[in-house]
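Colleague: Hi! Could you walk me through this one? I'm new to reading structures.

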Amino acid sequence: MTPSQRSICLYCGSRSGRNPAHARDARALGTALAGADFAVIYGAGDLGLMGEAARAAHAAGARVTGFIPQHLLELEVGMPDMHAMIVTETMHERKKLMFTNADAVVALPGGPGTLDELIEVLSWRLLGLHHKPTFLLNTGDYWGPLLALFDHMVAEGFVGPEFHSFLTVSDSVGELIGALRRALP
């Protein structure tokens, strides 16, 4: 990674889900991140959308760094060809190091782990602990129910309307790459 190269932290499922568009977009995103000269930081797994995105990024020439806690090494099957794999003691340490080493965060479809990571980053932003841009790749409107919940939280007065500005939602990989380039000139 060059000193000026930006790193994108990917949060995404360790499963591929039922919709083949999720895996297709994960691969397309990995390839596009490499093409835009972004390095990739992710959870080090070789399964699901994590593996799809990381393998595609690596194959297209991106620097790929994975962070994985010791207890998940066998369960998530670490990707063998990444540039660096950092083994952590805990999930908390993994999440902290992934975020700290990234210039922006992108969440793809995923399960409770992906949601946990995304909500934590948005909570930290709400508390003023960072100003890193955060993005959702909303393949097939996967995140629609969550976005509706966010609207409901604002409407009910649990967060202010500025909460919407903490998250950029993109329906396509091309749109997301354009938004990343604008956010990280």
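Modeller: Happy to! The protein chain exposes about 8900 Å², and carbon and sulfur atoms supply 56% of that area. Keep in mind that this is a predicted model.

Colleague: How many helices and strands does the protein chain have?

Modeller: There are six helices and seven strands. Starting at the N terminus, the elements run β-α-β-α-β-β-α-β-α-β-α-β-α.

Colleague: What share of the residues count as buried?

Modeller: Of the 185 residues, 49% count as buried. As for contacts with a separation of 6 or more, 70% come from residues 24 or more positions apart.

Colleague: Let's go inside. Which residues have the most contacts inside the largest nonpolar core?

Modeller: Those are I8, L10, L29, L33, V106 and L180, in a core of 34 residues. Elements giving two or more residues to this core include β1 (7-11), α1 (20-35) and α6 (173-183). In soluble globular proteins, nonpolar side chains tend to be buried together.

Colleague: Pick one of those. What does L33 touch?

Modeller: Leaving out residues up to four places away in sequence, L33 touches I8, L10, F38, V40, I177 and L180. There is also a second, separate core of 21 residues, with I41, F67, A102 and L146 among them.

Colleague: New topic: helix α5. Which of its residues are buried?

Modeller: The buried residues of α5 are G144, L146, F150 and V154. Looking down the axis of α5, you see them fall within an arc of 165°, so they line one face of the helix.

Colleague: Why would residues three or four places apart point the same way?

Modeller: An α-helix has 3.6 residues a turn, so residues with that spacing of three or four places point the same way.

Colleague: Nice. What covers the buried residues of α5, and what is on the face turned away?

Modeller: The cover includes α4 (112-126). On the face turned away from the buried side sit the exposed residues P145 and A155.

Colleague: How far does α5 reach, and what comes just after?

Modeller: Helix α5 covers residues 144-155, twelve residues, and reaches 16 Å from its first C-alpha to its last, close to the 16 Å expected at 1.5 Å a residue. Just after α5, G157 takes a positive phi of about 80°.

Notes:
Residues are numbered from 1 along each chain as its sequence is written. Side-chain values use heavy atoms; hydrogens and water are left out. Helices (H or I, at least four residues) and strands (E, at least two) are DSSP runs, numbered from the N terminus. The expected span of a helix is 1.5 Å times one less than its number of residues. Buried means under 20% relative accessible area, exposed over 50%, partly exposed in between (1.4 Å probe, protein chains only). The arc is that of the directions from the helix axis to the C-beta atoms. Contact means heavy atoms within 4.5 Å. Accessible areas come from the Shrake-Rupley method with a 1.4 Å probe; for residues, only the protein chains shown count as cover. A nonpolar core is a set of buried Ala, Val, Leu, Ile, Met, Phe, Trp, Tyr and Cys residues joined through side-chain atoms within 4.5 Å.
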